[in-house]
Amino acid sequence: MQHSLLIRNALVLATLDAQRREIAGGWVMVRGNRVTAVGGPESVPAEAETVIDASGCVVTPGLVNTHHHMYQTLTRAVPGAQDCELFGWLKRLYPIWAGLTPEMIRVSTHTAMAELIMSGCTTASDHLYIYPNGCRLDDSIEAAADIGMRFHACRGSMSVGESKGGLPPDRVVEDEAAILRDSQRLIETWHDPSDGAMLKIALAPCSPFSVSQDLMRESARMARSFRVGLHTHLAETVGDVAYSRERFGRTPAQYAEDLGWTGEGVWHAHCVCLDDHGIDLFARTRTGVAHCPSSNMRLGSGIAPIRRMIDAGVPVGLGVDGSASNDAGHLLLEARMAMLLARVRDTGDGSGNPAALGARHALELATRGGAAALGRQDIGHLAPGMCADIAIFDVSTLTHAGALHDPLAALLFAAPAGVKHSIINGRQVVCDGVLLTVDSHRLVETHNRLARELVSG
Ligand SMILES: [Zn+2]
């Protein structure tokens, strides 16, 4: 018999299910790694092997992060990269990242995942696109297994260095045949195609300005033949669009379309400068977008047309983006940023629109939206049969005092809380605000030592 876990007495259970039910006094029953039932105070199950009392708490589906570069937790707030736009920021950081080691990948993945989990996130995607000094995607995959997070590991790549007109220095780019060989090895070694998978692989050439069209096309072909996801950066800035027009004679959306980069299971980070054709194309083909509001603000990239994308039917999820351009890996904070940033986007007459994105919709982007962008049907809401990924936020604290007229909205409007408890795949990984799967204190010490070594070269 599988282990039973009951979460009960929630101040509000936000199921994010098809009816978007919010249940005062709600409960969730879990057996093994699946939700078996949800309900209200009239029907609380009598017992379970483990019972979590969620009094004073808002219970939500685990949040989904659709874009990250976890290694960048080693290079947060680096002087000289604090006030640059995208290309200048990358040029400052590439030489530092060239010093990454396998240990640094493992430790920074632990750190980034610990931070995400403490913010209510239970599924994360990571885009690792630089492999110096023997680093492998396997290093982050093993780290995810240690910490117990549901993981979409993206085999990123860069193949066009400065000497060929790309942005990265030649010494950090890889040979394209080797990239494709390693991509296939990773899929065959690690990818779990099943419903409820804890680990999936996606192929993820880094960006139009760091890989060739051939590699984009071949990656799409391989991803389709193995039925894995496809991920990249697209239309992040005005400069990014200009590069695409000059070098390829196409908009980023046309570039994506021509190379086979649309469809279910394909998701693009940023899309700040996605034009009307691109929005229609992505909606029609169910191509996902990872919206990264903090990073877009940090780098001055602009305000993505999220409201228009949502209205058109584009699957939009949220991403914290890499920690050198956020520099917070807090997904609830990111949902709050998405809500606020959507409101200041110019509606055409110089004014914004405070109704552009509500709290519930922002939470939906962080849950159902992220699941849709990643092409998953088994996470993102709480209902019988879904994966048991559950976040429990205590709102009886100072932060939310006076906001309990609407505790769910309070999660987004008030300062972002951390989780009190977190369940991933039926397993409790945070209890009373303490992460159970890694020693956070030792992790921070090791991480800071490695960060110093990396940046001082
Ligand atoms: Zn990114």
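**A guided tour**

Guide: In this predicted model, His268 stands opposite Val289 in β14.

Visitor: How many bridges pair strand β13 with β14, and in which sense?
Guide: Strand β13 covers residues 266-270, and β14 covers residues 288-291. The two strands pair in the parallel sense, and the number of bridges is 3.

Visitor: Which residues of β14 point the other way from Gly288 and Ala290?
Guide: In a regular strand the side chains alternate between the two faces of the sheet. In β14, Gly288 and Ala290 point one way, and all four residues of the strand, on either side, are buried. Those pointing the other way are Val289 and His291.

Visitor: What is the order of the open sheet of 4 strands, and which strands stand at its edges?
Guide: The order is β5-β4-β1-β6, with mixed pairing. Two of these strands have a single partner each, so one side of each is left without a neighbour in the sheet. The edge strands are β5 (34-39) and β6 (50-53).

Visitor: Which residue in β4 does Ile7 stand opposite?
Guide: Strand β1 (residues 4-10) and strand β4 (residues 26-31) run antiparallel and are joined by 5 bridges. The residue of β4 opposite Ile7 is Val28.

Visitor: Is α2 mostly covered or uncovered, and how many of its residues are buried?
Guide: The buried residues of α2 include Met104, Ile105, His110, Ala114 and Ile117. After the helix comes Gly120, with a positive phi near 100°. As for α2 itself, it is mostly covered, and the buried count is 12 of 17.

Visitor: Is Val429 buried or exposed, and what is its relative accessible area?
Guide: Val429 lies in strand β18 (residues 427-431). Leaving out residues up to four places away in sequence, it touches Ile117, Ile147, Gly148, Ser422, Ile424, Val434, Leu435, Leu436 and Thr437. Buried means under 20% relative accessible area, so Val429 counts as buried, with a value of 0%.

Visitor: What separates the C-alpha atoms of Val429 and Ala114?
Guide: Along the chain these two residues are 315 residues apart. Ala114 is one of the buried residues of α2, and Val429 is buried too. Their C-alpha atoms are separated by 9.9 Å.

Visitor: Which residues touch the most other members of the largest nonpolar core?
Guide: That core has 121 residues. A second, separate core has 18 residues, including Leu13, Val35, Val38 and Ile52. In the largest core, the residues in question are Trp89, Leu90, Trp97, Leu100 and Met309.

Visitor: What does Leu100 touch?
Guide: Residues up to four places away in sequence are not counted here. What remains is Tyr71, Leu74, Ile105, Ile130, Pro132, Asn133, Cys135 and Leu454.

Visitor: Stepping back, what is the radius of gyration of the chain?
Guide: The chain has 14 helices and 19 strands, and 61% of its 457 residues count as buried. For that length the globule rule gives 23 Å, and the chain comes close to it, so it is as compact as a globular protein of that length. Its radius of gyration is 21 Å.

Notes:
Residues numbered from 1 in each chain as written. Predicted model: local features only at pLDDT ≥ 70, side-chain atom pairs only at ≥ 80, totals over all residues. Heavy atoms only, no water. Buried < 20%, exposed > 50% of the residue type's maximum accessible area, 1.4 Å probe, protein only. Core = buried A, V, L, I, M, F, W, Y, C linked by side-chain atoms within 4.5 Å. Contact = heavy atoms within 4.5 Å. Pairing = 2+ DSSP bridges. Rg over C-alpha atoms; globule rule 2.2 N^0.38 Å.
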